[in-house]
Every structure is written in C-alpha cells, then in structure tokens.
Amino acid sequence: EKYSIARYFILVFMNRTAKQIGYGAFYLALIALILLGVFSPEVPSRGGLQTSLPLGLRPLEMRGEVTVMPAADGSISLLAQVRNPNAEHLASSFSYSFRFMENGAVRATTPERTWFVYPSETSALVEIVSGVARTEHTEVALTVTDVVWEPTRFLVRPALTLRGAETSVDEKGVFVTGEVVNTGSVAASSIRVVAVLKDALGYPVFAASSIIGPLGGDSTERFT
C-alpha cells in the first residue's frame, strides 16, 4: 500500500513526567497523517472545560468533538484538540480526562493526566483504552480542570523540527518512524510525538503517541 504524510506538528512536554502510550494493532489500508506539533476547549455543552480564570484571559477551547476510533483488537483510541486562545499567557498545566457517557450518566472515566499548551497554539490529547463497552448511545467528552496560567514575556522554548518521517505496515500493524531535531540551544525534557492514521477518504481511524527525550540543544533522537 502507498502511504503519504499529510502534515506535521511537534508536541513538546517540558519539565513534566510523561508515560508512553502504546497503540493497538489493526489491519486496514491507511494514509498516514502524522501530527507532530509544539506543546503544547469555547466550553462544550456538557461542561467539560474549566471556566474560572484570571481577568482578561479566555478559557481553553476544544476544537471539534472527541474523535473515537475503535481498533480490531478491542482497544479504542481517543483524540481531542485543545487550543489556547491567549497570545501572551501559557497554560503551564492543566488536568484532563475522557468520560464515556450514556443517557447522561458517566459509565467510565480515563485516568487523569496533566498537560500544557503554548499561547495561540493547539495541543493534541490522545488516550488508548481497553475493555470499555460502547453502544450507539455512548458519547465521549473531554474534561479539563485546574488550569494554571503564566505570562510568557520571559518564556524561552526549544526549537524542534521533524525529519524523515515514514509509515510502514507489517503483520503486527502500522508503524511510524522518524527523527526529532532540536535546532536550538534550549533543551526539551520530554517530547511527545502523536500519529493520526487516516483512511483514503481522510477519516481518522486510529491515533497513538510516543514519548522521547530529554533532547538537548543541537541534537537528534529517533522515534517509533
């Protein structure tokens, strides 16, 4: 099968511990869309995002709905995108989790994790779950709380780029490999790479993430 890379972002997780999330195997013909973007919801009707914040700041915005992608092995990949609409403030930390809801009742909740998002940028949040039963009435919502805001006038960021990303398939599933290059002098303590695989019609069918780092200035590290 022929694969193409649609676009890239680099997700950088600085000064926080992160755990690599594995992904389920599946056997579909896919066009790979790799999301690698710098680290990094208006409030949804189900009240998922924290609304209290300092005067003059806008709350985090969720970009679209949570994308729910079941795999052949029974695992489910959840993908959400959260944007920071403030140009001069960093959301240096926030807690988030995904909720499986049915008829207004919460049936399951993923572990609470922490993240952050740079000013005027969007961060992709990925979670892989197993053993959660779904029906046609099941909805998945993102909950964001405990947002910490910091001004960015003294913020210095790593300069990260993606190089040589490739997608391959074998009997175990789909693999994305490549390199992250730190072209600046500021080290990145941890880097998250997110891959979103799409079918020939452009519909996302699975997402996964991998953690690499720390990555010092003027250095390179491979990811899978």
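# A chat about cores, strands and a loop

Visitor: Which residues touch the most other members in the largest nonpolar core?
Guide: L60, V66, F94, F98 and L142 do, in a core of 23 residues. Keep in mind that this is a predicted model.

Visitor: Which elements give two or more residues to this core?
Guide: Those are β5 (76–83), β6 (89–102), β8 (113–117), β9 (122–129) and β10.

Visitor: And what lies apart from it?
Guide: Another core, of 13 residues, lies apart from the largest one. Among its members are L160, I191, A195 and L197.

Visitor: Back to β6. How many of its residues are buried?
Guide: 13 of the 14 are, so β6 is largely enclosed by the rest of the structure.

Visitor: What sits between β6 and β7?
Guide: Two residues, as the strands form a hairpin. N103 in that turn has a positive phi of about 55°.

Visitor: New topic. What is the order of strands in the open sheet with β11?
Guide: The order is β11-β12-β15, three strands with antiparallel pairing. β11 (160–170) and β15 (219–223) each have a single partner strand and stand at the edges, so one side of each has no neighbour in the sheet. Direction ignored, neighbouring strands of this sheet are turned by 10° against each other on average.

Visitor: How many bridges pair β11 with β12?
Guide: Nine, with β12 covering residues 173–182. Within that pairing, L162 has V180 as its bridge partner in β12.

Visitor: What else is T152 in contact with?
Guide: Leaving aside neighbours within four places in sequence, T152 is in contact with A87, E88, H89, L90 and P119.

Visitor: And where does L155 lie?
Guide: L155 is in the loop between β10 (138–151) and β11. L155 counts as partly exposed, at 34% relative accessibility. From L155 to L90 is 65 residues in sequence and 8.9 Å in space, C-alpha to C-alpha.

Key. Residues are numbered from 1 along each chain as its sequence is written. This is a predicted model: local features need pLDDT of at least 70, side-chain atom pairs count only at pLDDT 80 or more; totals for chains, interfaces and linings use all residues. Side-chain values use heavy atoms; hydrogens and water are left out. Two strands pair if DSSP finds at least two bridges between them. Helices (H or I, at least four residues) and strands (E, at least two) are DSSP runs, numbered from the N terminus. Axes are lines fitted to C-alpha atoms, for helices over the stretch in contact, and angles run from 0 to 180 degrees between N-to-C directions. Buried means under 20% relative accessible area, exposed over 50%, partly exposed in between (1.4 Å probe, protein chains only). Contact means heavy atoms within 4.5 Å. A nonpolar core is a set of buried Ala, Val, Leu, Ile, Met, Phe, Trp, Tyr and Cys residues joined through side-chain atoms within 4.5 Å.
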